[in-house]
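Subject: Structure handover

Hello,

Here is the structure you asked about. Please open it alongside the notes that follow.

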Amino acid sequence: MVRSVGQRRVTGRVTADGVDPRVAGLRAAVSRLRRELAGHRREFADRGIAEDELAALDAMAAGGAPEVWRLRRSLLLVAGALGSVSALADALAGVRRAVDLFGPPAVPPARDGQHPDA
């Protein structure tokens with residue numbers, strides 16, 4: 001697989017049972033937020049976005065070697081969708097802490113030879 005400069009896949013720490021504790025922590029944090037979101041009965045416009053991105057975060061974690069920039073992109077979308085829902089603030093903060101364990105943001109891959117911020 002060819003990668004752009006700055007794009008990296010997280011690898012490394014694995015416990016005796018073969019699980020990276022950061023991945024396990026991310027899956028637990030995402031699961032908690034998904035449960036709390038499901039229990040939150042108030043409807044809001046971006047709920048579907050949050051649910052989709054939480055599913056994407058879980059899928060990336062289940063794959064075992066998520067790319068940091070993808071984790072952070074999904075976190076940003078979830079935070080944007082749920083940031084004003086104070087009842088979910090603690091669970092959202094848990095997801096953020098879990099994503100932060102994967103390291104600093106990496107630059108996303110360039111598309112069509114353009115800089116990703118263009």
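**A loop residue to begin with**

Leu88 sits in the loop that joins H3 to H4. Helices here are DSSP runs of H or I with at least four residues, strands are E runs of at least two, and numbering starts at the N terminus.

Please note that the model is predicted: local features need pLDDT of at least 70, side-chain atom pairs count only at pLDDT 80 or more, and totals for chains, interfaces and linings use all residues. Residues are numbered from 1 along each chain as its sequence is written, and side-chain values use heavy atoms, with hydrogens and water left out.

Is Leu88 buried or exposed? Leu88 has a relative accessible area of 2%, so it is buried. The cut-offs are under 20% relative accessible area for buried, over 50% for exposed, and partly exposed in between (1.4 Å probe, protein chains only). Setting aside residues up to four places away in sequence, Leu88 touches Leu33, Glu36, Leu37 and Leu82. Contact means heavy atoms within 4.5 Å.

**Overall layout**

The protein has 4 helices and 0 strands. From the N terminus, the order is α-α-α-α. Of its 118 residues, 36% count as buried. Take the contacts with a separation of 6 or more: residues 24 or more positions apart account for 68% of them.

**The core**

The largest nonpolar core has 26 residues. Leu26, Leu33, Leu57, Leu82 and Val95 have the most contacts inside it. H1 (21-39), H2 (47-63), H3 (68-82) and H4 (89-100) each supply at least two of its residues. A nonpolar core is a set of buried Ala, Val, Leu, Ile, Met, Phe, Trp, Tyr and Cys residues joined through side-chain atoms within 4.5 Å. In soluble globular proteins, nonpolar side chains tend to be buried together.

Which residues does Leu57 meet, leaving aside neighbours within four places in sequence? Leu57 is in contact with Leu26, Val30, Leu71, Ser74, Val78 and Val95.

**Helix by helix**

H1 has 19 residues and reaches 27 Å from its first C-alpha to its last, close to the 27 Å expected at 1.5 Å a residue. The expected span is 1.5 Å times one less than the number of residues. Its buried residues are Arg22, Val23, Leu26, Ala29, Val30, Leu33 and Leu37. Seen down the axis of H1, they fall within an arc of 130 degrees, so they line one face of the helix. The arc is taken from the directions from the helix axis to the C-beta atoms. The buried residues of H1 pack against H2, H3 and H4. On the face turned away from that buried side, Arg35 and Gly39 are exposed.

H2 has 17 residues. Buried in H2 are Arg47, Ala50, Glu53, Leu54, Leu57, Asp58, Met60 and Ala61. Down the axis of H2, these buried residues fall within an arc of 160 degrees, so they line one face too. H1, H3 and H4 are included in what covers them. Asp52, Ala59 and Gly63 are exposed on the other side of H2. Just after H2, Gly64 takes a positive phi of about 90 degrees.

H3 has 15 residues, which should span 21 Å at 1.5 Å a residue; its end C-alpha atoms are 21 Å apart, which agrees. Val68, Trp69, Leu71, Ser74, Leu75, Val78, Ala81 and Leu82 are its buried residues. Their cover includes H1, H2 and H4.

Asp20 is in the segment before H1. At 9% relative accessibility, Asp20 counts as buried. Its side chain makes a polar contact with the side chain of Arg22 (2.7 Å). A polar contact is a pair of N or O atoms within 3.5 Å; within protein, one must be able to donate a hydrogen and the other to accept it, and residues adjacent in sequence count only if both atoms are side-chain atoms.

Glu67 is in the loop between H2 and H3. Glu67 is buried, at a relative accessible area of 4%. The side chains of Glu67 and Arg70 make a polar contact (2.8 Å).

Best wishes
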